[in-house]
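Hello,

Here is the structure I promised to pass on. Please have a look at it first, and then read my notes below.

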Amino acid sequence: MVDTAFFKNNGPFTLEQIAKIIGAEFTDSCNPKDKIYDIATMEKAGSNEICFFYDRKAKEKAVNIKAKACVTNQDLQSWIPYGISVLVVDNPKLAFLKLNQAMYAEYVPENMVHESATIAKTAKVGQNCYIGANVVIEDDALIGDNCRLEANCYIGKGCKIGNNCRIGVGAYVTYTIMGNDCYIYAGAKLGADGFGFNTIGGKHIRIPQVGRLIIGNDVEVGANSCIDRGALDDTIIGDGCRIDNLVQIAHNDKMGRGCIIVSQTGIAGSCTFGDYVVCGGQTGFADHLTVGSGAQIGAQSGIMRDVEAQTVVMGTPAVPFKDFMRQVSFLQRNSKK
Amino acid sequence: MVDTAFFKNNGPFTLEQIAKIIGAEFTDSCNPKDKIYDIATMEKAGSNEICFFYDRKAKEKAVNIKAKACVTNQDLQSWIPYGISVLVVDNPKLAFLKLNQAMYAEYVPENMVHESATIAKTAKVGQNCYIGANVVIEDDALIGDNCRLEANCYIGKGCKIGNNCRIGVGAYVTYTIMGNDCYIYAGAKLGADGFGFNTIGGKHIRIPQVGRLIIGNDVEVGANSCIDRGALDDTIIGDGCRIDNLVQIAHNDKMGRGCIIVSQTGIAGSCTFGDYVVCGGQTGFADHLTVGSGAQIGAQSGIMRDVEAQTVVMGTPAVPFKDFMRQVSFLQRNSKK
Amino acid sequence: MVDTAFFKNNGPFTLEQIAKIIGAEFTDSCNPKDKIYDIATMEKAGSNEICFFYDRKAKEKAVNIKAKACVTNQDLQSWIPYGISVLVVDNPKLAFLKLNQAMYAEYVPENMVHESATIAKTAKVGQNCYIGANVVIEDDALIGDNCRLEANCYIGKGCKIGNNCRIGVGAYVTYTIMGNDCYIYAGAKLGADGFGFNTIGGKHIRIPQVGRLIIGNDVEVGANSCIDRGALDDTIIGDGCRIDNLVQIAHNDKMGRGCIIVSQTGIAGSCTFGDYVVCGGQTGFADHLTVGSGAQIGAQSGIMRDVEAQTVVMGTPAVPFKDFMRQVSFLQRNSKK
């Protein structure tokens with residue numbers, strides 16, 4: 001049950017309304033006029049609530065459902081107990097997404113510029129923006145329309161932020177050109193100096209980092225993640241990428257479209273990723289590597305060589321997934337002798 | 001020697017006072033009227049200072065002690081050189097804790113609301129609170145009594161913070177219900193969006209994250225750590241948990257009482273931990289796992305399956321600790337041939 | 001081509017000027033009066049630009065250079081196509097550094113104290129400092145000359161910051177004595193409580209952390225990294241250390257001069273590092289270890305024992321690099337049978 005201290009509940013909805021929203025077919029068990037007040041998990045949903053069943057592994061939970069209604073697909077519907085209203089869709093996960101979006105909404109702050117914000121005279125802020133308390137926007141920065149800059153965030157000199165972007169509390173954006181529809185989470189640091197120096201006479205002399213960070217459209221960067229700007233060339237994050245919390249992306253990395261980078265992954269400098277690369281949590285990449293489109297990197301893997309497109313690799317150093325499993329099983333079998 | 005620029009020194013204390021504070025017995029070597037001005041390490045303690053000896057591995061340091069006095073236990077006291085005042089207790093580590101607490105104190109800022117703080121009209125702040133510079137407290141938030149909200153921290157709409165909590169500099173608390181006596185360190189991010197989306201037609205569509213983050217009593221969360229709120233259900237951190245710096249805890253994770261999570265550990269979504277689980281540094285967990293009470297996870301381990309209560313596991317993928325050591329030794333032995 | 005929204009371009013420079021700056025010899029191909037407007041990569045440099053070629057592995061790029069000029073060394077110059085002006089130096093990497101420093105400059109904010117900064121009456125700020133928006137400086141803090149304290153950063157009670165230091169946006173410095181010429185990146189957390197407690201009757205009782213953090217001269221600490229202060233003794237970071245983003249350094253760690261700690265490394269408490277230790281990304285160290293000067297730790301390694309000076313180790317648990325490669329090859333060979 002969603003806590004209305006935190007989210008708006010647009011409900012209740014009748015089953016009829018819900019069927020329309022998610023594109024479901026009714027089954028005989030449904031009374032179209034029944035009202036649904038909330039979405040809940042299969043375990044917790046009660047007599048006014050609806051739940052979703054889409055993973056066969058959860059079938060033990062399905063047989064114990066106490067919800068008023070359950071959305072599932074053709075194959076799984078027989079597991080749901082008699083007396084529960086069953087709505088059938090092709091893709092229950094997508095249906096969950098749709099009903100969630102329809103039923104709940106975040107409280108969005110009203111457009112305003114908080115009196116404590118510091119906006120340079122040469123900066124430009126578009127229409128319908130929210131600029132929270134203590135926000136700092138430096139000289140020549142350009143903020144698009146419908147943006148939400150949350151409290152204590154910082155936009156550095158000359159940055160360009162597209163339309164409909166959300167910059168989270170305490171986030172930091174410098175030397176960055178950002179597209180539309182991006183969401184930078186609280187505490188993320190974009191465009192900081194890359195880790196580059198020459199060691200001369202025992203002294204590590206900083207190499208000025210004079211590249212930029214280019215962020216495409218519809219990109220998300222997780223809480224406290226860091227993406228460094230380029231050293232000379234740019235660091236580039238393609239459209240639609242999803243970057244989780246506490247990720248490190250170094251200078252000159254270039255990422256294609258739709259990549260998914262799970263938490264605590266670290267990518268050393270000058271790597272090039274294709275489209276839709278998926279990195280599990282805590283993976284690490286040496287510098288100057290090329291990772292082909294659609295490659296999948298298992299969690300905690302250490303990547304020391306290029307990865308071909310559409311392959312699945314795992315381990316440190318990473319090998320094809322089947323080889324990794326063979327190594328694991330070889331080691332377990334033989335070490336016990 | 002503690003730097004009084006940073007900490008108050010309530011000393012000096014006589015050995016008599018100290019014996020009382022830590023519940024020690026004197027030995028013949030002690031003059032109860034001797035004054036102790038500071039606590040120091042065995043290596044550094046000088047003629048006005050006291051040190052603590054509780055780890056047999058440090059016996060080489062013990063024989064070279066130059067301190068006025070040393071606290072130790074029955075078994076270890078014979079290592080301490082003649083001429084040092086020896087105080088004997090059952091648990092010298094606990095004695096250290098007690099004397100430390102008695103002798104030193106942090107400078108606590110006086111209760112006040114800094115003029116630069118932004119507190120929404122509908123928010124409520126309890127009695128005897130310190131609200132630092134640039135703090136932001138949003139609508140409907142409730143802050144208990146005796147809380148310390150340090151500079152630049154952010155409390156989101158509708159959050160409830162119990163009594164005696166300390167929210168560190170630049171910390172971020174949203175969608176959270178927090179108990180009493182919690183300490184959230186500088187830069188920690190609580191209640192951010194979980195990493196959840198459906199990929200439809202090549203686009204990663206965000207699943208609204210409408211759960212909360214529930215934090216029990218007496219919980220600590222380290223600097224720059226991230227705990228995401230639940231997707232639909234809540235993320236839960238039980239009473240007495242200790243979470244170190246740069247840890248990632250994902251949506252819907254549920255942790256029992258007293259768990260210890262060392263730095264840079266990452267726990268994927270929907271994991272369930274029992275009580276007093278201990279995770280070494282940089283451990284990683286796949287999603288939807290169950291970890292039994294008292295389980296201990298070795299540093300850098302990668303957990304892909306459930307872990308039984310009271311077991312010790314290590315490695316990637318993690319195996320029982322003995323098996324891990326066998327694998328290591330097998331590999332070292334055989335690879336050299 | 002550097003974006004002048006973000007960096008100043010002091011150019012154009014003639015080849016003659018450039019030869020002087022980097023100490024190069026002309027070859028016959030050069031016209032000393034030719035003007036260079038920018039530095040670029042070998043792939044991207046065009047007819048007004050200069051590039052640098054210093055890595056033999058990049059020779060395929062060298063043969064396709066379209067730049068006006070290229071700086072390289074004696075050995076590599078024959079790869080560069082006819083028609084490109086070639087400048088020869090002993091160390092092209094160093095030449096790149098020098099020309100970069102000469103040609104580009106960051107926009108440095110003018111000295112000022114922003115009206116929104118909160119500076120305690122008992123704090124002292126040196127000459128020629130920049131104190132940005134919402135900066136907080138607590139009681140008795142001492143800031144040296146020529147410092148740049150960026151927006152939203154926090155300097156705790158009693159801290160001493162040397163001359164020419166830069167404290168990044170939202171950085172946090174407490175219980176710290178810092179030398180000259182340091183650069184603390186955005187969001188770094190210095191001097192937070194270490195992770196120390198005694199468990200008594202099921203309750204984890206915090207051990208007061210009454211040590212300090214001592215930072216030498218010319219130290220850099222990356223974005224969102226954390227260095228805890230000492231528990232009783234001090235945490236020490238020696239002169240010239242370079243610490244990347246998202247690194248964790250625990251209480252009582254002591255680091256010599258010039259160490260290089262790559263991103264996401266975690267060092268548990270009371271470790272002692274010599275000089276010029278290099279840690280690859282995501283390495284982890286157990287507590288109380290000694291790592292000798294010049295030791296190199298491969299990425300993702302897990303260090304459970306002391307490491308001797310000048311050795312190269314890798315793996316979890318780490319072994320000499322050759323042994324690691326032998327283990328990898330043994331496992332790959334034998335697991336496929």
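The largest nonpolar core has 348 residues, and those with the most contacts inside it are C70(A), C70(B) and C70(C). A nonpolar core here is a set of buried Ala, Val, Leu, Ile, Met, Phe, Trp, Tyr and Cys residues joined through C-beta atoms within 7 Å; buried means that 20 or more other C-beta atoms lie within 10 Å of a residue's own, with C-beta atoms placed from the backbone. Leaving out residues up to four places away in sequence, C70(A) touches I50(A), C51(A), F53(A), I65(A), I80(A), I84(A) and V86(A). Contact means that the C-beta atoms, placed from the backbone, lie within 7 Å.

A word on the source: this is a predicted model, where local features need pLDDT of at least 70, side-chain atom pairs count only at pLDDT 80 or more, and totals for chains, interfaces and linings use all residues. Residues are numbered from 1 along each chain as its sequence is written, while chains are lettered from A and ligands numbered from 1 in the order in which they are written.

Now to how the chains meet. Chain A and chain B each give 47 residues to their contact. How are the two copies related? Chain A can be laid on chain B with an RMSD of 0.1 Å by a turn of 120° and a shift of 0.0 Å along the axis, superposed by least squares on the C-alpha atoms of residues with pLDDT of at least 70 in both. The two copies are thus related as by a three-fold rotation axis. Only 17% of the interface residues of chain A are also interface residues in chain B, so the copies meet through different surfaces.

Best wishes

Note on methods:
Contact = placed C-beta atoms within 7 Å. Buried ≥ 20, exposed ≤ 12 C-beta atoms within 10 Å, placed from the backbone.
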